[in-house]
Amino acid sequence: MNKKVKKKEVIEHYKKLVEFLGIVLGENYEVILHIIEKGNSYVGAIANNHISGRTVNAPLTGLALKMMKDKKYHDNDYVTNYKGFTKLGAEVRGSTYFIKDENNELIGMLCINFDSSKHKKIANDILDLVQTQLNMISPKVEEMAFSEIETIEEHSDNEIIEYFSDSIEEVVNSIVDPSLLNPNIVLKQEQKIEIIKQLHKKGIFQLKGAVSQVAELLNISEPSVYRYLKMIDKDKSK
């Protein structure tokens with residue numbers, strides 16, 4: 001069977017799976033199929049997109065691009081239970097299954113994001129009720145609670161975090177300090193190269209249209225972006 005035809009059949013299978021899982025899991029679970037093509041990776045199917053606000057053809061997130069760039073899929077079939085944030089700041093828990101071809105190369109990613117906000121609200125309401133009752137018994141409960149929070153924060157420093165975006169500009173802003181992309185600020189060449197280096201490291205240039213979008217954001221020409229990328233690759237090979 002032709003390789004392209006086989007890949008298309010696999011992708012169509014997962015598109016149906018996205019629809020199926022979206023219905024079975026329910027409205028608190030967003031299911032996304034990322035299609036990976038050379039120079040063009042995008043959302044190919046999505047269910048319950050009210051959670052992140054993304055749509056079909058939206059670009060991959062910075063985390064997804066980094067996993068591609070680092071070839072995390074070579075040693076792993078999936079990544080589970082990482083933290084994500086929507087554009088509105090809502091927290092979700094995400095998991096990604098890597099879809100690979102017979103050569104162990106990535107052709108897609110099936111992602112499931114769980115919106116736990118409703119469950120957290122119920123839990124917090126219960127905790128508030130318990131807290132009120134415990135405060136009547138012991139004045140030290142609040143102090144203990146803060147101690148536990150500090151411990152949790154200390155252990156979460158190395159946690160994988162994903163920020164959902166539906167445009168290349170938003171993906172760039174999740175990687176680069178937005179203040180550096182202010183059109184009123186004149187950046188030095190070294191700063192521009194460093195920004196492009198950061199974006200290249202995260203795999204942003206695997207997205208279709210990324211070069212022109214980055215050129216516009218940095219107020220430089222597309223040939224300049226390609227020139228800087230060539231300089232970065234040359235420095236890496238030294």
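Me: As what does Asp77 count at 45% relative accessibility: buried, partly exposed or exposed?

Reply: Buried means under 20% relative accessible area and exposed over 50%, with partly exposed in between (1.4 Å probe, protein chains only). Asp77, at 45%, therefore counts as partly exposed. This is a predicted model, in which local features need pLDDT of at least 70 and side-chain atom pairs pLDDT 80 or more, while totals for chains, interfaces and linings use all residues. Residues are numbered from 1 along each chain as its sequence is written, and side-chain values use heavy atoms, without hydrogens or water.

Me: With which residue does Asp77 form a salt bridge?

Reply: Side chains of opposite charge can pair when their charged atoms come close. The criterion is a side-chain nitrogen of Lys or Arg within 4 Å of a carboxyl oxygen of Asp or Glu. Asp77 pairs with Lys100, and their closest N and O atoms are 2.9 Å apart. This pair links distant parts of the chain, 23 residues apart: Lys100 is in strand E4, and Asp77 is in the loop between helix H2 (62-69) and strand E3 (78-85). Helices (H or I, at least four residues) and strands (E, at least two) are DSSP runs, numbered from the N terminus. Lys100 is partly exposed, at 22% relative accessibility.

Me: How many salt bridges does the rule give?

Reply: The count is four. One of them joins Glu12 to Lys15, with the closest N and O atoms 3.7 Å apart. Glu12 and Lys15 are separated by about one helical turn, because they stand three residues apart in helix H1. Glu12 is partly exposed, with a relative accessible area of 34%; Lys15 is also partly exposed, at 29%. Another salt bridge joins Asp70 to Lys66, where the closest N and O atoms are 2.6 Å apart. Asp70 has a relative accessible area of 46% and is partly exposed, as is Lys66 at 31%.

Me: In E5, which residue is the bridge partner of Lys100?

Reply: Two strands pair if DSSP finds at least two bridges between them. The bridge partner of Lys100 in E5 is Leu106. Strand E4 (residues 91-100) pairs with E5 in the antiparallel sense over nine bridges. E4 and E5 form a hairpin with five residues between them, and Asn104 in the turn has a positive phi of about 65°. Strand E1 (residues 29-37) also runs antiparallel to E5, joined by seven bridges; Ile32 has Cys111 as its bridge partner in E5.

Me: Why is strand E5 largely enclosed by the rest of the structure?

Reply: Eight of the 10 residues of E5 (residues 106-115) are buried, so the strand is largely enclosed.
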